[in-house]
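Please open the model in your viewer and keep the sequence panel beside it, as this tour moves from one selection to the next.

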Amino acid sequence: MRNRMLRSALILALLAAGATSSLAAGSEDEFKAAYAAAETANKEAGTLRNQWTTTAATLAAAKKAADAGDFDKATASAKEAEALAKASIFQATSEKTRWKDLEIR
Amino acid sequence: MRPRSAIYLASAALALAALTLAGTLPSDAADKVDPIADAKAFKKFFTDKFPKVKLEDFVNGPYSMNEDLHRQWQEKEQFPPYEFSLEMGKEMFSKPFKNGKTYADCFPNGGIGVRQNYPYFDEKEGKVITLELALNRCREANGEQPYSYVRDEMAALTAYMAFTSRGKPMDIKIPDDPRALAAYENGKEYFYTRRGQLNFSCATCHVQSPGERIRAEILAPALGILNAMPIYRSEWSGMGTTSRRFTTCNSQIRGVPLSPQDDEYRNVEYYLSYVSNGLPISGPGARP
């Protein structure tokens, strides 16, 4: 009986450890995907000559959090960086014609 | 449909088409690149906005915006903070390179009293050449390392060259070359394009809000803004080149600055200088 209980506890502990490890691995993968998407968007903003300093700072914050093992925070920062990069792309694209609205004529 | 109704409908359609056409014509005309009309409209905008400011006074930037500030500027000019830079620039300008030549060998009239002609469009290269770029090219052609575009050495050299040109009217030419017109138009586009997370264009501050405060500073009007370059800025506790001004403007609005003397900066300098043609060179300047 005691042995059976010990075995069950061990199995449970192993399962829990496995779950935690697979959760951590998933979170790291999620970060990597989010970071890559943010970098791609920021690169596109670069080709449009319109990167934002805040995108670079947020990407750096994501990297720092990932290096510290905080993948939740890192993923959130990477997603924020992607949103900023996409906003800068939208700005550059829409300003291609909108700049004329400000012109002194 | 009754014939009369059909006639009314056709007339209405024709009138609508005519209105649409009339609506597009001025826009098409306005889209044509016309630097002379631009410069005229630019000056009119600022002189209408600030009727008490004399045209030639716009080159004094925020110090032209009201009497108190103008008095501050006059007092500052008695012991100008850019004087040390001017002395340094004069010495550097006359000191020969290792090969015995000097900056004077690279410029028309020995580089004296020529600031008002920069930037110019080089038809061989098909690009805008600024004074800062010409100075570094002169150095490189004579076997010297180029200077940083944003540091004191470049500010000192351009300060001296501006000083020898003080009072001369800005005289930027656009040659009969479609590439020159394109450079001018691209410069204009850069000037009015919003960028950075703050969504500001150059015009947001220097067309829409000159004379207004932004934090503790008073914004300068765009008209004549480059005639005073380079400038001593109290905020920087030092001198700043045109390149420094452009790159810091970009970072202040949370945009990643381009490299100094990238095409965009050269073109916007070309545009801004052209629309200030006729206003006197007043550099080196001093700003709060």
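Begin by selecting helices H7 and H10 of chain B, where Ala183(B), Tyr184(B), Asn186(B), Gly187(B), Lys188(B), Tyr190(B) and Phe191(B) in H7(B) meet Glu264(B), Asn267(B), Val268(B), Tyr270(B), Tyr271(B), Leu272(B) and Tyr274(B) in H10(B). Two residues are in contact here if their C-beta atoms, placed from the backbone, lie within 7 Å, and helices (H or I, at least four residues) and strands (E, at least two) are DSSP runs numbered from the N terminus. The model is a predicted one, in which local features need pLDDT of at least 70, side-chain atom pairs count only at pLDDT 80 or more, and totals for chains, interfaces and linings use all residues. Residues are numbered from 1 along each chain as its sequence is written, while chains are lettered from A and ligands numbered from 1 in the order in which they are written.

Now turn the view to look along the axes. H7(B) and H10(B), the latter spanning residues 263-274, pack at an angle of about 95° with their axes 7 Å apart, and H7(B) is therefore roughly perpendicular to H10(B) (a term for angles of 65 to 115 degrees).

Next, select Leu135(B), which sits in helix H5 of chain B, residues 131-141. Leu135(B) counts as buried because it has 25 C-beta neighbours inside 10 Å; the cut-off for buried is 20 or more other C-beta atoms within 10 Å of a residue's own. Leaving aside residues up to four places away in sequence, Leu135(B) touches Tyr103(B), Met154(B) and Leu157(B). Leu157(B) is 22 residues from Leu135(B) along the chain, and their C-alpha atoms are separated by 8.2 Å.

Then show both chains and look at where they meet, a contact that takes 21 residues from chain B and 14 residues from chain A. On the side of chain B that touches chain A, the elements giving two or more residues are helix H2 (35-49) and helix H7 (178-192) of chain B, and H2(B) gives the most, with 3 residues.

Select chain A by itself: it has 3 helices and 0 strands, and buried residues make up 27% of its 105 residues.

Finally, colour by pLDDT, the predictor's confidence in each residue, from 0 to 100. Chain B has a mean pLDDT of 90, and 89% of its residues reach 70 or more, but over residues 1-29 of chain B pLDDT stays under 50. Where pLDDT is low, the predicted coordinates should not be read in detail.

Conventions
A residue is buried if 20 or more other C-beta atoms lie within 10 Å of its own, exposed if 12 or fewer, and partly exposed in between; C-beta atoms are placed from the backbone. Axes are lines fitted to C-alpha atoms, for helices over the stretch in contact, and angles run from 0 to 180 degrees between N-to-C directions. Angles under 35 degrees count as roughly parallel, over 145 as roughly antiparallel, 65 to 115 as roughly perpendicular and the rest as oblique.
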